[in-house]
Amino acid sequence: MAIWSDETVTRFTNRGEDIFLQEFPVLINRVALSIVAGTSQYTLEDSVHSIRRITWKGIKIEPTSFRKFRNLNAIGTEQGRPTEYLYDNIGKQVIQFFPTPNETIASTATNLFGAAIKTNVIIEFYTSGAVNRDTVTGDDRYTVGGSVRNLSGEAVIPSAIRDRLLRRYANSQLYLIESRRQNLRISKYFEAGWKLWKAKYGRLLRDVIMKPRRLLANDVPNLNPRLSTPRLPIDKFGEAVDDEWY
Amino acid sequence: MSTASWSANTSYYKITDIASDAFYPIAIYDNSSRRWLEDNVNISQLDRMRADWEVWEGSPRYWLPVSHEYIAVVPRRSSVSSDTFDFYYAAFAETVVDTNVPNIISDMQYLIEEYATADLLEAAEELSKAVTYWRNYYNGIEKYSKRVKLLAKPAILRIA
């Protein structure tokens, strides 16, 4: 007989994932909005943790501030291709475009990282773990839940990291449950491991894997878009890349 | 390293579609232009270059990781061709089965045993015993890491 029920283990596993993703927003997802001409406000899914990027048929829309938005609105309610957006995630998940869209654009659920970019309004966002949670069972991270369109639902922490990390959090909480199995010493042991590996894996994912490599000896340090002649990676030339992850 | 074909109208490539065991990318070499793609730009720098860089078409020149799942290649190819690129990456270790020879040097293969023992002791709630094995494992990993870097030293001497 299992010591703890599957539901309890799953609950703590999910909670651990949520905590990790709130502290280290590393999961990125995309959704295409259905745009209606004359409508400036659109509601986003709860799983939108924070917006990373919005493109209108491939062209970036810039975020704006309340102050600037008020000034813009003072001009009037003109319509056109939006150049700016305002996102208020305090209390409600509503995004507002300026100018108000003057065309209707249907959304698609697939190829949001590919061919659909040119024809859709795409929001790229940091997501909480809930994006992959099944709306019925509430615990299946590999199934796309709700109406969030996920590119086949794979936006998950890499499995090699996820299992080791979340097991520590789940154990730290399971041993705290008031029962004959309660053991505060073991809970503290796993909690220490959770804190250590959360920081280590978070840094690995956010600060190492998701940043530009900068291994090439580059001829355009100031990003002057003239043609350059990139060379072999620096380690081939002898410049040491003495990072613990390489 | 894995070799893959460029896709048309694709700004983002999924890492595991290029190489199923890829953990994170290191470098990309375009076999058609015979150039290493530049890897020193981030998203905001691309935004400053072109607001529409996601649909910028041409011969790939830059690449950057956008998440642990995707890389962006800029500009993107507009048509399908047989041209390929070499994708250099750090890989996940293969799943160990009984018949495997571990993919690390023979005198350090005991580390796998240390890890497995520590993990099992932890599951059996024998924490103080597990800590001993964990200590052996992490000390060994550190030593092995230094050794691997030392082995690579001749390749990273400055030639200029």
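Over the face of which residue does A:Arg11 lie? A:Arg11 lies over the face of A:Phe12, 4.8 Å from the ring centre. The model is predicted: local features need pLDDT of at least 70, side-chain atom pairs count only at pLDDT 80 or more, and totals for chains, interfaces and linings use all residues. Residues are numbered from 1 along each chain as its sequence is written, and side-chain values use heavy atoms, without hydrogens and water.

**View 1. Charges over rings.** A charge sits over a ring if NZ of Lys or CZ of Arg is within 6 Å of the ring centre and within 35 degrees of the ring normal. Besides A:Arg11 over A:Phe12, the charged end of A:Arg168 sits over the ring of B:Trp134, 5.9 Å from its centre.

**View 2. An aromatic cluster.** B:Trp134 also belongs to one aromatic cluster with A:Trp197, A:Tyr201, B:Tyr115, B:Tyr137 and B:Tyr138. Rings of Phe, Tyr and Trp (its six-membered ring) pair if their centres lie within 6.5 Å; planes under 30 degrees apart count as stacked, over 60 as edge-to-face and the rest as tilted.

**View 3. Two aromatic pairs in chain B.** Over all chains the count is 25 aromatic pairs. The rings of B:Trp6 and B:Tyr13 are edge-to-face, because their planes stand at 70°, with centres 5.9 Å apart. B:Phe87 and B:Tyr89 are stacked, at 5.5 Å centre to centre and 20° between the planes. Buried means under 20% relative accessible area, exposed over 50%, partly exposed in between (1.4 Å probe, protein chains only). B:Trp6 is buried at 3%, B:Tyr13 is buried at 7%, and both B:Phe87 and B:Tyr89 are buried.

Key:
Chains lettered and ligands numbered in written order.
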